[in-house]
Amino acid sequence: TGLSIRRGLVMLQLLSWAIIGLSLPTAAADRPLVFIGNDTLPPMSYQHNGQQIGIIPDLANAISKRMQSTVRLDFMNWTRAQQLVMADKADALLHINPSPERETVFDFSAPLLESVFTIFTHTDGPSVFDLSHLYGRTVGVEEKGLPILVLKQHPRIQLVTIPTVIPGFQRLAEGDLDAVVVDKWVGTYVIAELGLTNIRISGEAIAKSQSRIAVKKGRPALMAAINAALAE
């Protein structure tokens, strides 16, 4: 019958896909690409009047308009963002700095922005010139930021995980932490916005890095498309 013939043709098509190793069409294949950024990193990326604003959203919007595929931008907790990309529930991370540990998991685009990671201390505390002056002291760092990857190589520093930069600086201003290490531009912006007068930059930068866009390893076509859009 005609129905039997159609069923047979469908089975033959499925078998041919399996033989030549093609992925079967799925609804997920039609979803937009999802690029995720940190939602609490002023002035790079932060919430204001219910909207995500800052340098990173501006750059991400410009990049998305130059992609061949539809791109949806989302901003959230930075730890959760990295977990979603690792679980293949999102496609790219915005404004992330390479490190040997991260390079085992992610591929990175061409440079996006320069990051200068700096030590911030209380004005009433002792002078700090380099990491050795932080030995035995409590230092606030974000859970999935580059500073924690650098500082954990110094076990004599007592690392304290802060949920975001703003409460970290509030604890530093109150004397609950000895230092906070964060991107210089983020730190100086937060100090100005919160009107904190008892926090200073101390010593030299602990690290300088070019932030990039990262995708989970094994997606060369997506990385090529991101680099092309970034170049434009």
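**Notes on the predicted model**

1. Helix α1 (residues 2-20) has the lowest confidence, at a mean of 43, while strand β7 (residues 106-108) has the highest, at 98. This is a predicted model, so start by checking which parts can be read closely. Residues 2-28 have pLDDT below 50. Beyond near neighbours in sequence, that stretch makes four contacts in the model. Where pLDDT is low, the predicted coordinates should not be read in detail.

2. How do helices α6 and α7 cross? The axes of α6 (residues 165-173) and α7 (residues 184-194) come within 10 Å and cross at roughly 65 degrees. Angles of 65 to 115 degrees count as roughly perpendicular, so α6 is roughly perpendicular to α7. The crossing of α6 past α7 is right-handed.

3. Which residues make this contact? From α6 come V165, I166, F169 and Q170. From α7 come V186, G187, V190, I191 and L194. By class, seven of the residues are nonpolar and two are polar. None is charged.

4. Salt bridges come next. Side chains of opposite charge can pair when their charged atoms come close. The count here is seven salt bridges. One of them joins D91 and R31, with the closest N and O atoms 2.8 Å apart. The two partners are 60 residues apart, and the pair links distant parts of the chain. D91 sits in the loop between α3 (78-86) and β6 (92-96). R31 lies in the loop between α1 and β1 (33-38).

5. Two backbone details deserve a look. P42 and P43 are joined by a cis peptide bond, with omega at about 0 degrees. P43 belongs to the loop between β2 (40-41) and β3 (45-48). Where is N49? It is in the loop between β3 and β4 (51-53). The phi of N49 is near 55 degrees, a positive value in a residue other than glycine.

Notes. Residues numbered from 1 in each chain as written. Predicted model: local features only at pLDDT ≥ 70, side-chain atom pairs only at ≥ 80, totals over all residues. Heavy atoms only, no water. pLDDT = per-residue confidence, 0-100. Helix = DSSP H or I, 4+ residues; strand = E, 2+ residues; numbered from the N terminus. Contact = heavy atoms within 4.5 Å. Axes fitted to C-alpha atoms, helices over the stretch in contact; angles between N-to-C directions. Parallel < 35°, antiparallel > 145°, perpendicular 65-115°, else oblique. Left-handed = near helix turned anticlockwise from the far one by under 90°. Nonpolar A, V, L, I, M, F, W, Y, C, P; charged D, E, K, R; others polar. Salt bridge = Lys/Arg side-chain N within 4 Å of Asp/Glu carboxyl O.
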